[in-house]
Amino acid sequence: MEYKYLLDIGLIIVVVKIFTLITQKIKMPKVLGGLIAGIVLGPAMLNVVQNSTILEALSQFGIILIMFLAGMETSIKKFIANSNKYIIIAGIGVVVPLILGTFASLIYVQDLKTNLFFGAAITATSVSITVETLIEMKKIKSSVGLAILGAGVVDDVIGILFLTIIMNSGNLQIATFVTMTLKIILFFGMAITLGLLLFKVFEKIEKKDTKVEQMPTYSIAFALILAYIAERLGVSGIIGAYIAGLVIGNTEKGRKVKGKIDLVVHMIFSPIFFASVGLNLTTIHFSESVWLFILIFTAVTIISKIIGNGLGAKICGYTNDKAVQIGIGMATRGEVALIMANEAKKLALINEEIFSIIIITVLLVTLITPILLHYSFKIKNKNEEEMI
């Protein structure tokens, strides 16, 4: 049996810790340290750690637990009360990147299918990294944090529908699209039903388990099962984990459970997840013109979400400051964009260079967005202090 994965995990945990201490020292988000550690350790630089099946599995587990914790921070009443706002924010936040991304890609290539792919690839938000940044800043329960989480769920569903189109490109039948839509509706129906039933079950467990010893075990099991059901029905597993967190977090002892899970997540799984994003970068050798396009496309990727989601937030009555913060928070891209790129490459819709461009864009956006989010909250706090 190959034991290198033990060395890889050990190196990731240590190096991520070193880089997070450095980023904290210069008042940058901890997430940034994890991403840089992955790039340094991975094929793009030192090449001492490569992505493996085990690391991918642990990374996926990390995403699920991070989103589970985010769900535990969310009030169900507030989530339902603002659901109409989240749909508007997400809807406009998908249309604007689709249009701007499609047109921006004309700089690189003039092919309608490829141009539409570039637009579709940057529509879906990956809130996992934003969530970690918001938790670090203690803003996850703020109106901005709730809006990002709520709109992120809607955004992910739309992204999955785009993924369905990409995977069936050239042979897309209406029946396939309708089936996918019905599966998503079925999942949310099952999730709500299971959530209501298990809410009652957890309430009974709470009464017997006065020391909260068994709740963390049952909670993680519930998150994994709901994530699995979501994946089986073609919905992202992180949505299932988020809904599981909503159920647990709204029980009386939810906070105590969160504390125990949070410790394990941030010691092991969170560093592996963020480092694995950096490990996806395999090469940085491109011509100057391609690098110029990557920089332009990265700027469009970020700005399109700030405009789209920010405009949606403004329509929903959020202040200018909060609208910008929501737009920045929704600008991160991740698993959906990477899966889209991977599927498109398998189907020969894109070549290796376009695939690498998407990977690097996702990484650059992921590196830049937490910094912008930190900065936007600092600017707002400074303005409020000056007004006082």
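Which backbone oxygen lies 2.6 Å from a polar atom of the side chain of lysine 305? I looked, and the backbone oxygen belongs to threonine 123.

**Ground rules.** I am reading a predicted model, where local features need pLDDT of at least 70, side-chain atom pairs count only at pLDDT 80 or more, and totals for chains, interfaces and linings use all residues. Residues are numbered from 1 along each chain as its sequence is written, and side-chain values use heavy atoms, leaving out hydrogens and water.

**Lysine 305.** I found lysine 305 in helix α13 (helices are DSSP runs of H or I, at least four residues, numbered from the N terminus). Lysine 305 is buried, at 0% relative accessible area (buried means under 20%, exposed over 50%, partly exposed in between, with a 1.4 Å probe and protein chains only). I also noted the backbone oxygen of glycine 93, which lies 2.9 Å from a polar atom of the lysine 305 side chain. Beyond its neighbours within four places in sequence, lysine 305 is in contact (heavy atoms within 4.5 Å) with residues including Asp155, Met330 and Arg333.

**Helix α13.** I counted 28 residues in α13, reaching 40 Å from first C-alpha to last, close to the 40 Å expected at 1.5 Å a residue (the expected span is 1.5 Å times one less than the number of residues).

**Helix α6.** I then checked α6, residues 112-121: 7 of its 10 residues are buried, so the helix is largely enclosed by the rest of the structure. Among the buried ones I listed Phe117 and Phe118.

**Leucine 100.** My last stop was leucine 100, in helix α5. Leucine 100 counts as partly exposed because its relative accessibility is 34%.

Technical notes
Helix = DSSP H or I, 4+ residues; strand = E, 2+ residues; numbered from the N terminus. Polar contact = N/O pair within 3.5 Å; in protein donor to acceptor, adjacent residues only side chain to side chain.
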